[in-house]
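Student: I have a model open and would like to go through it piece by piece. Can we start with the strands?

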Amino acid sequence: MASGKGNTALGLDYGGRRIGVAVGSRESGSGSPLGVVVNRDDGPDWAALDRWVREWRPDVLVVGQPVNLDGTPHPLAPRIQRFCEQLTERYTLPVARVDERLSSFDAEERLREARASGRRGRKVQKGDVDALSAAILLENWFSEHLGNTTHE
């Protein structure tokens with residue numbers, strides 16, 4: 001798995017219908033949700049991903065690797081493997097993977113809390129969860145890799 005040594009990363013939470021997208025930096029160790037990209041059986045909306053890659057100029061793409069709670073591979077694993085290969089071919093950027101167990105659950109919980117506290121006015125939508133989940137993936141990846149300069 002690639003790690004990327006630059007500052008900016010795009011996080012991608014791959015799903016069968018949507019891919020959550022977030023941007024983050026090594027300096028802050030945090031991620032910010034950007035939105036979602038439509039994903040269909042024939043692949044993602046590459047034009048939308050192209051725009052975000054051009055805008056943010058990431059040094060690394062971080063993709064959530066789904067694993068069942070018992071550690072076995074998730075049914076989406078082969079599709080995500082192909083997606084990562086396509087990302088590498090298309091953008092010639094390092095593609096890192098991070099365990100995404102419970103990231104969607106964490107995102108839903110954070111959004112519910114924000115709504116309950118009044119910090120968020122509108123109803124939580126699935127795309128909101130996907131984008132925040134991508135930000136959480138980035139935060140997890142940064143926390144695993146910050147300060148690790150010898151190997152990853």
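Predicted model: local features only at pLDDT ≥ 70, side-chain atom pairs only at ≥ 80, totals over all residues.

Student: How many bridges join S2 and S3, and in which sense do they pair?

Tutor: S2 covers residues 18-25 and S3 covers residues 30-40.

Student: Which residue in the hairpin of S2 and S3 takes a positive phi?

Tutor: The hairpin has 4 residues between its strands. The phi in question is near 70 degrees, and the residue that takes it is Gly29.

Student: What is the bridge partner of Arg40 in S4?

Tutor: S4 spans residues 43-44 and pairs with S3 in the antiparallel sense over 2 bridges. S3 and S4 form a hairpin with 2 residues between them. The partner of Arg40 is Gly43.

Student: Which strands stand at the edges of the sheet?

Tutor: The open sheet has 6 strands with mixed pairing, in the order S4-S3-S2-S1-S5-S6. An edge strand has a single partner strand, so one side of it is left without a neighbour in the sheet. The strands in that position are S4 and S6 (95-99).

Student: What angle does the direction of H1 make with that of S3?

Tutor: H1 packs on the sheet and touches S1, S2, S3 and S4. H2 also packs on the sheet, touching S1, S2, S3, S4, S5 (60-65) and S6, and its direction makes about 175 degrees with that of S5. For H1 and S3, the angle is about 155 degrees.

Student: Which residues of H1 are buried?

Tutor: The buried residues of this helix pack against S1 (8-14), S2, S3, S4 and H2 (77-91). They are Trp46, Ala48, Leu49, Asp50, Trp52 and Val53.

Student: Which residue just after H1 takes a positive phi?

Tutor: At the start of H1, a side-chain oxygen of Asp45 reaches to within 3.3 Å of the backbone nitrogen of Ala47. Just after H1, a positive phi of about 45 degrees is taken by Arg57.

Student: Is Asp130 buried or exposed?

Tutor: Asp130 lies in H4, residues 126-145. Its relative accessibility is 12%, and the cut-off for buried is under 20%. Asp130 therefore counts as buried.

Student: With which side chain does the side chain of Asp130 make a polar contact?

Tutor: Leaving out residues up to four places away in sequence, Asp130 touches Asp13, Arg18, Gly20 and Val36. Asp130 is also 97 residues from Pro33 in sequence, with 8.6 Å between their C-alpha atoms. The polar contact is at 2.5 Å, and the partner is Arg18.

Student: Which element of the protein has the lowest mean pLDDT?

Tutor: The protein averages a pLDDT of 81, with 74% of the residues scoring at least 70. Over residues 148-152 the pLDDT is below 50, and that stretch has 7 contacts in the model beyond near neighbours in sequence. Among the elements, H1 (residues 46-56) has the highest mean, 97, while the lowest, 62, belongs to H3 (residues 103-117).

Conventions: Residues numbered from 1 in each chain as written. Heavy atoms only, no water. Pairing = 2+ DSSP bridges. pLDDT = per-residue confidence, 0-100. Contact = heavy atoms within 4.5 Å. Buried < 20%, exposed > 50% of the residue type's maximum accessible area, 1.4 Å probe, protein only. Polar contact = N/O pair within 3.5 Å; in protein donor to acceptor, adjacent residues only side chain to side chain. Axes fitted to C-alpha atoms, helices over the stretch in contact; angles between N-to-C directions.
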